[in-house]
Amino acid sequence: MEIRDQTSILESRSDLLEHREADVELLDPGAKRLESGGWPNVLFELAAAACYLIDPEGNFVDGNKAAEALIGYRKEELVGSKLFDMPFLAPEQIPKAAGLLARNGERQPSGPNELVLNRKDGSQVSVELHTYPVTIDGRDLILSVVRDITKRKQAEQALQESEQRYRLLAENVTDVIFTTDISLSITYVSPSVERLLGYTVDEASELTLRELLTPESYAIAVKEFGATLDAEGEGLRDRFRPRTRELEFNHKNGSTVWVEVTVSFLRGTNGGPAEILGVARDITDRKRTEQALRESEENFRALAENAVDGILIGMDEGGHVYANKRAAELSGCTVPELRRAKIEDLVHPDEVEKLLERQRKKQEGKRVPRRFETVVLRKDGTRLPVEMVEAKTVWQGKLANMMILRDISERKRAEDELRVKDSAIASSVSAIVISDLQGTVMYVNPAFLKMWRYQSEEDIVGKNVGEFPEMADLISEITEAVYREGSWQGEFLGERPTDGSKYAVHLSVSKVTDEAGKPIRLMATFVDMTERKEMERKLQELYVQERQLREDLEREIHKRVEFTRTLVHELKTPLTAMMASIELLVCESPQGALLTLAKNLDRGASNLNKRIDELLDLARGELGMLRLNCKEVDLLQLLRRVADDETSAALSHGQKLVTQLPTVLPEVWADEERVQQVVLNLLSNALKFTPEGGTITLKAYEGENSVVVEVRDTGAGIDEEDQRRLFQPYHRLESDRERLSGLGLGLSLCKTLVELHGGQIWLRSEKGKGSTFGFWLPTRPVEMNTTTQGEEEADDESGDD
């Protein structure tokens, strides 16, 4: 996908959001009641979105002009008809529409909902639907706001195809493409790393840059990265300038490889660096060549003086330190004159700006081809086309620039004579015909013969294109377009003369001009569209299947939301009454057996409430409905507070709770209540599985852009089989099923909460040596999971219950 296509997609999405906001302001669907005197009839008619008024029985009452344009039916055809009797609803769409109508009949708004409508002309349009209950002149109606989202759907498909193409490119290039996060940890490396360094992708991903680079190169890389980040912080960044350095890498076999590495930032939505993109190219041979050049400077001088090409050697300070005799002959200058001149002094004035632009790109670290063509202005005023080749060499122990000049005047003359046929050969993958300006065929390539099934060029060369029946109706149109606009393209149904078979053909016709821009030939390119048409048909079928799967998934999610909502209501409602009664019983009971019994009931009800909350949180996490209220949290104070609260519990079990906390910790971006829930759960587990006389240690320390918390116990430890399943829902250790209570949801919920924060949780344990549970949280905000409006409503209702 080209950049302009991506920009178009983004602009389409932006326009869609703006239209949605405009519709909300224009139609005010949130109003509870609209009287006819206050109904904005003019605004209704001029709204950009298609608007329909329907009564609760599904009969059309009114529609605006945009509604007529959307589906092609005039208002007169719609008003009075029933929604489900109109053909613009496909049979599979009717149940969904009926459900929305039933919801609106309960005076509940709905949307957004996606549907595919049949237009009156037989075409289809993808739409987004919002419905709102309104009252007009005391009559209950339903306002439907419908927007065409066909372009957005096409844009989403284009984005998916583009991503697949980019991934295919990265997996097949010879250079090594890699990405790292800002902490320089490798996040992606292309398979070509095995050819360059001997490591597989998995092996390379596990290594750090310190391990991959030699110490000297690692120091250079870190220094360069630090300087770049400092410039970012000072607002001095050049957003698009890559950095190129030559670094020495360690090969898996113990040797080293010189690599040219070009890196640039991949930026986030805030414009700041999010990742680092790098391209690594093996330059070992180049390095060896440079070493050889340093060792053979004298031999080079002897060869250069007898070379057939001109040779100039210059330093970065300007001027040339060496020029051979052939360079003097090509330029018409003497050797001393060449030594005083810069390279831009030798080229024609028309070429100077191109040369300077090339030099600017090199200074910016951009890659430019070593070989290029230009025109030298000789001392006598004549022009000489030359090919220049840039290379690095060593002159008297210093790195220097070498320019090789080759006379290509003969080659240029030959290229002019072969330009027409070379153009056709360069495009030989397509069927090509070259004709004169009158349409007489002069050349066809083999692909054309194969496509049209001609036996040889003699069957077609020399004939006029007007003699072919398929072209007869198009000749005048093509000729007029080519002479007016320079080209023409279109499709027609071709028929092969050998067997009469027909197939779709895409034809492009353009002019071929000489250097002065004068038309000299016509070139036509034919493309067999049979496979493409078939692919488009299959693609449409896949799109329909994908849409059906997505709708099935949305229905399943809706069912699970309803189930969660019902489950919480059925469990929480009686439990709330029980807990209130038990609390009153504890307060009113005298000392003795009755009070003990009341307290036991209170603990049991609280434990049951906790289990329900865990079950609810786990269900919310699975549905993507679990929300975090993040802010900057003083984790050090939180840990101290939790440790103080749990010390008495440890003492009551004959255990010792030890804290290893630093004096200072950076604040984390987190939901304080949820983090406390994770820490309490880990400490509670440690208290359960540590024997009397054991020690539980709460530890915290600062990591890279994170804070790490660990809970270590001196219990019996956990075997490897249980470790693999410990963070799964409902998993409990076999040895403790009879002794300890719980559903086995605590660690699974901890894992969900930590990962929602953008962190990670882990376990280290050996049988008989205790266990350590740890997690880290980021110190910077990271992208969190969000919920839809419907999920938020379900979540809120669950909380109310």
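Analyst: Helix H26 is followed by Gly758, whose phi is positive, near 90 degrees; helices here (H or I, at least four residues) and strands (E, at least two) are DSSP runs, numbered from the N terminus. The model is a predicted one, in which local features need pLDDT of at least 70 and side-chain atom pairs count only at pLDDT 80 or more, while totals for chains, interfaces and linings use all residues. Residues are numbered from 1 along each chain as its sequence is written, and side-chain values use heavy atoms, with hydrogens and water left out.

H26 itself is mostly covered, since 8 of its 11 residues are buried, where buried means under 20% relative accessible area, exposed over 50% and partly exposed in between, with a 1.4 Å probe and protein chains only. These buried residues are Gly746, Leu747, Ser748, Leu749, Cys750, Leu753, Val754 and Leu756. As background, of the 801 residues of the protein chain, 39% count as buried, and the chain has 27 helices and 27 strands.

Two packed helices are described by the angle between their axes and the distance between the axes. For helix H24 (residues 672-689) and helix H26 (residues 746-756), the angle is about 145 degrees and the axes lie 10 Å apart; axes are lines fitted to C-alpha atoms, for helices over the stretch in contact, and angles run from 0 to 180 degrees between N-to-C directions. H24 passes H26 in a left-handed crossing, a term that applies if the near helix is turned anticlockwise from the far one by less than a right angle, with clockwise giving a right-handed one.

On the side of H24, the contact (heavy atoms within 4.5 Å) is made by Arg674, Gln677, Val678, Asn681, Leu682 and Asn685, and on the side of H26 by Gly746, Leu747, Leu749, Cys750, Leu753 and Val754. The residues of this contact of H24 with H26 divide into 7 nonpolar, 4 polar and 1 charged, with Ala, Val, Leu, Ile, Met, Phe, Trp, Tyr, Cys and Pro counted as nonpolar, Asp, Glu, Lys and Arg as charged, and the others, Gly among them, as polar. Leu753 and Val754 of H26, for instance, are listed both among its buried residues and among those that meet H24.

For the chain as a whole, among contacts between residues at least 6 apart in sequence, 53% join residues at least 24 apart.
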